[in-house]
Amino acid sequence: MIRPIPDGIRVSQEFGLTAFARSSGAYPTPGHLGMDFASPMNTPLVAPAAGKVWHVGFGNPWSWGYHLTLTDRDDRRHIFAHLKADSARVKVGDEVAEGAVLAATCDTGWSTGPHLHSQVIDFDEGTAAMHHAIDPRTLLDPGRYTTTAL
């Protein structure tokens, strides 16, 4: 899986029970379920893996703002949050290739500033519950990013 955002953009919050997750009370879970990248506004978000677009838009209980969800070929859901409103270059049902530009970063929703929240979950279609979150870093091939200008 490739990095969803250009190399050189720092990770501002790791996955898990980070200092911010412990002290802020910002999360409904006991820890940060994704990885945050401190990206400038309008940074291209690319598909980290080939898959199908499952959701694009606003609306969720965790205040992700404008967000996009991609289901990869291993049935994992990749959630990208705090995107620029209406920046999606894809729609629900689209099949996308690894590296395809999906949208642009911003700071919509509950956000401490411009960044990309990247979260990966296993999802059991047979239940209404999300199963476990996966640390996105464990899935990445370091240094692989395909950039295309928005």
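1. The overall layout. Keep in mind that this is a predicted model. If you walk along the sequence, the order reads β-α-β-β-β-β-β-β-β-β-β.

2. Burial and contacts. The chain has 150 residues, and 48% of them are buried. Now take the contacts between residues at least 6 apart in sequence: 61% of those join residues at least 24 apart.

3. The main core. Have a look at the largest nonpolar core, which has 17 residues. Leu45, Phe80, Leu83, Val96, Leu102 and Leu116 are the ones with the most contacts inside this core. Four strands, β2, β5 (66-72), β6 and β8 (101-104), each put in at least two residues. The largest share comes from β5, with three residues.

4. Leu102 up close. Pick Leu102 in the viewer and see what is around it. If you skip the neighbours within four places in sequence, Leu102 is in contact with Leu45, Val46, Ala47, Leu68, Phe80, Ser87, Ala88, Arg89, Val90 and Val96. Leu45, Phe80 and Val96 in that list also turn up among the core residues with the most contacts.

5. The cavity. The structure holds one cavity of 30 Å³ or more, and the space in the largest cavity is about 40 Å³. Which residues line the largest cavity? They are Met1, Pro4, Met35, Phe37, Pro48, His78, Phe80, Ser118, Pro136 and Leu140. The elements giving two or more residues to this lining are β2 (35-37) and β6 (76-83). Sorted by class, the lining has eight nonpolar residues, two polar ones and no charged ones.

6. The aromatic pair. Searching the whole structure turns up one aromatic pair. Why does the pair of Phe58 and Tyr66 count as edge-to-face? The ring centres of Phe58 and Tyr66 are 5.3 Å apart and the planes sit at 65°, and planes over 60 degrees apart count as edge-to-face.

7. Buried or exposed? Check the two partners of that pair separately. Phe58 has a relative accessible area of 49%, so Phe58 is partly exposed. Tyr66 counts as buried because its relative accessibility is 6%, and the cut-off for buried is under 20%.

Conventions
Residues are numbered from 1 along each chain as its sequence is written. This is a predicted model: local features need pLDDT of at least 70, side-chain atom pairs count only at pLDDT 80 or more; totals for chains, interfaces and linings use all residues. Side-chain values use heavy atoms; hydrogens and water are left out. On a 1 Å grid over the protein atoms alone, a cavity is a set of points where a 1.4 Å probe fits but cannot get out, and a pocket is an open set with protein on both sides within 12 Å along at least five of seven lines; lining residues have an atom within 4 Å of a point. Grid points are joined across faces, edges and corners, and a volume is the space filled by probe spheres set on the points. Ala, Val, Leu, Ile, Met, Phe, Trp, Tyr, Cys and Pro count as nonpolar, Asp, Glu, Lys and Arg as charged, and the others, Gly among them, as polar. A nonpolar core is a set of buried Ala, Val, Leu, Ile, Met, Phe, Trp, Tyr and Cys residues joined through side-chain atoms within 4.5 Å. Buried means under 20% relative accessible area, exposed over 50%, partly exposed in between (1.4 Å probe, protein chains only). Contact means heavy atoms within 4.5 Å. Rings of Phe, Tyr and Trp (its six-membered ring) pair if their centres lie within 6.5 Å; planes under 30 degrees apart count as stacked, over 60 as edge-to-face and the rest as tilted.
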